[in-house]
Structure formats: C-alpha cells, structure tokens
Amino acid sequence: MQMLWNWYTVDSCFISSTWRITSKGKFAGSCIGVVCLVIALEFLRRLQREYDAYLVKQHRMRNAQIHSSVHEKGSDIGHLMDIEANGVGKNDSNRVQVTSKSPAPGPAADLKSQRLVPTVFQQAIRALIHMLQFAVAYFIMLLAMYYNGYIIISIIIGAYLGAFIFSWEGIQITDA
C-alpha cells in the first residue's frame, strides 16, 4: 500500500488484494463507485434526519389527539404518559414514552418541554441507520488513506453531489 500522495491508476490496489486495478476502465469504474459510495453516505445522513422528523411528527399528532381528548373529558393526566403508536389502549409492544416537565399537560402546556423517548423497535431502526452510516464512512476513510489523488477527488465530488441532492431542505427563518 502506498502511504504517500500518488496519482497511480493502473496496478493500484485498494482495501483488499481482490480490488486490484488492471486497466484504466477499472480505475474509472472504481472512481465512479467511490463517488456513488459517498453519495450513499449523504443519503443515509438524510434518512436519519427524515426518520427522526417522522417520529416527532407521529408524537405530535398523538399528543394533539391526547390533549384534545383530555380537554373534552376534563381529565387530568399525570407527569408520565404512555402513548401507543397506533392510538391509546391498543397494543403494548409499540409504546412511546413521553415525559413532560409540566405536571398536567393540557392546552396551556409548553410542548417544547416534552421529550420523545423512542420505542425499542424505533431505536433499533435508528441504531441500524447509524451503524450503516458508520460503516460507509469508515470505508470511505480507508479509501482516502491510500492517498490516491483521483480517489480523493472522487470522494470530494461525491460529497458535493450527495450534499447537493440530499441536503436540499428548507431553511428555517426566525425573526429575531
């Protein structure tokens, strides 16, 4: 393995002895593959944000239903509530635990002080996405450690394209 900056194309070897470049076409394919790998990393990062936003949206919808139900019945809910993923009182395996800093959530409760604790299944999905991000990022780091200029340029191009595609989100504007 070459540990100095290099511009080798043919007869380069990456990650394992089976990834040996024997032609310029294979090297070009490797560079395109590296670009796609970095784009996949940006996709996984976006997937994590979208999944977390989905969990928060689910929580807010259930919370709004609970608050409207409590308001209609005139009931009082204590400090800790168990809200289920498919509504109240259906299936204990999909519970989401919500803790509130206010003693009795209601219309006047500060929704910003609530904290969503994912279910075991939801956290397993979040951990799986994180694990995939970690593995892909580590693989990209190993490729960069070959100090091949073309591979590093491919990583940079992939980062640009991935961010362009998967970071195209609305920007929150708040009045100060």
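**Figure 1. Salt bridges in the predicted model.** The count comes to 5 salt bridges, a salt bridge being a side-chain nitrogen of Lys or Arg within 4 Å of a carboxyl oxygen of Asp or Glu. This is a predicted model, in which local features need pLDDT of at least 70 and side-chain atom pairs count only at pLDDT 80 or more, while totals for chains, interfaces and linings use all residues. Residues are numbered from 1 along each chain as its sequence is written, and side-chain values use heavy atoms, with hydrogens and water left out. One of the salt bridges joins the side chains of Arg46 and Glu50 at 2.8 Å, N to O; these residues are 4 apart in helix H1, which means that about one helical turn separates them. Helices (H or I, at least four residues) and strands (E, at least two) are DSSP runs, numbered from the N terminus. Arg46 is buried, with a relative accessible area of 18%, whereas Glu50 is partly exposed at 39%. Here buried means under 20% relative accessible area, exposed over 50%, and partly exposed in between, with a 1.4 Å probe and protein chains only.

**Figure 2. Salt bridges between distant parts of the chain.** The side chains of Glu169 and Arg49 meet in a salt bridge of 3.2 Å, N to O. This pair links Glu169, in the segment after H3, with Arg49 in helix H1, 120 residues apart. Glu169 is partly exposed, with a relative accessible area of 34%, and Arg49 counts as partly exposed at 35%. A further salt bridge, at 2.8 Å from N to O, is formed by the side chains of Asp52 and Arg126. Because Asp52 lies in helix H1 and Arg126 in helix H2, this pair ties together parts that are 74 residues apart in sequence. Asp52 counts as partly exposed at 25% relative accessibility, and Arg126 counts as partly exposed at 24%. Through shared partners, salt bridges join Arg46, Arg49, Glu50 and Glu169 into one network.

Figure 3. A pair of aromatic rings is described by the distance of the centres and the angle of the planes. Rings of Phe, Tyr and Trp (its six-membered ring) pair if their centres lie within 6.5 Å, and planes under 30 degrees apart count as stacked, over 60 as edge-to-face and the rest as tilted. By this rule the count comes to 11 aromatic pairs. The rings of Phe14 and Tyr146 have their centres 5.2 Å apart and their planes at 75 degrees, so this pair is edge-to-face. The pair links distant parts of the chain, with Phe14 in the segment before H1 and Tyr146 in the loop between helix H2 (120–144) and H3, 132 residues apart. Both Phe14 and Tyr146 are buried. Ring pairs also link Trp5, Trp7, Phe14, Trp19, Phe27, Phe139, Tyr146 and Tyr150 into a cluster.

**Figure 4. The largest nonpolar core.** A nonpolar core is a set of buried Ala, Val, Leu, Ile, Met, Phe, Trp, Tyr and Cys residues joined through side-chain atoms within 4.5 Å. Of the 14 residues in the largest one, Phe14, Ile140, Ile151 and Ile155 touch the most other members. Each of H1, H2 and H3 supplies at least two residues of this core, and H1 gives the most, with 6 residues. Not counting residues up to four places away in sequence, Ile151 touches Phe14, Cys31, Val34 and Leu143, where contact means heavy atoms within 4.5 Å.

Figure 5. Ser30 lies in helix H1 (residues 24–73) and counts as buried at 9% relative accessibility. Leaving aside its neighbours within four places in sequence, Ser30 is in contact with Trp19 and Ile21. Glu42 also has its place in helix H1 and is buried, with a relative accessible area of 12%. With neighbours within four places in sequence again left aside, Glu42 is in contact with Ala159, Gly162, Ala163 and Phe166.

**Figure 6. Tyr147 in the loop between H2 and H3.** Most residues other than glycine have a negative phi, and most peptide bonds are trans. Tyr147 has a positive phi of about 55 degrees although it is not a glycine. Tyr147 is found in the loop between H2 and H3 and, at 28% relative accessibility, counts as partly exposed.
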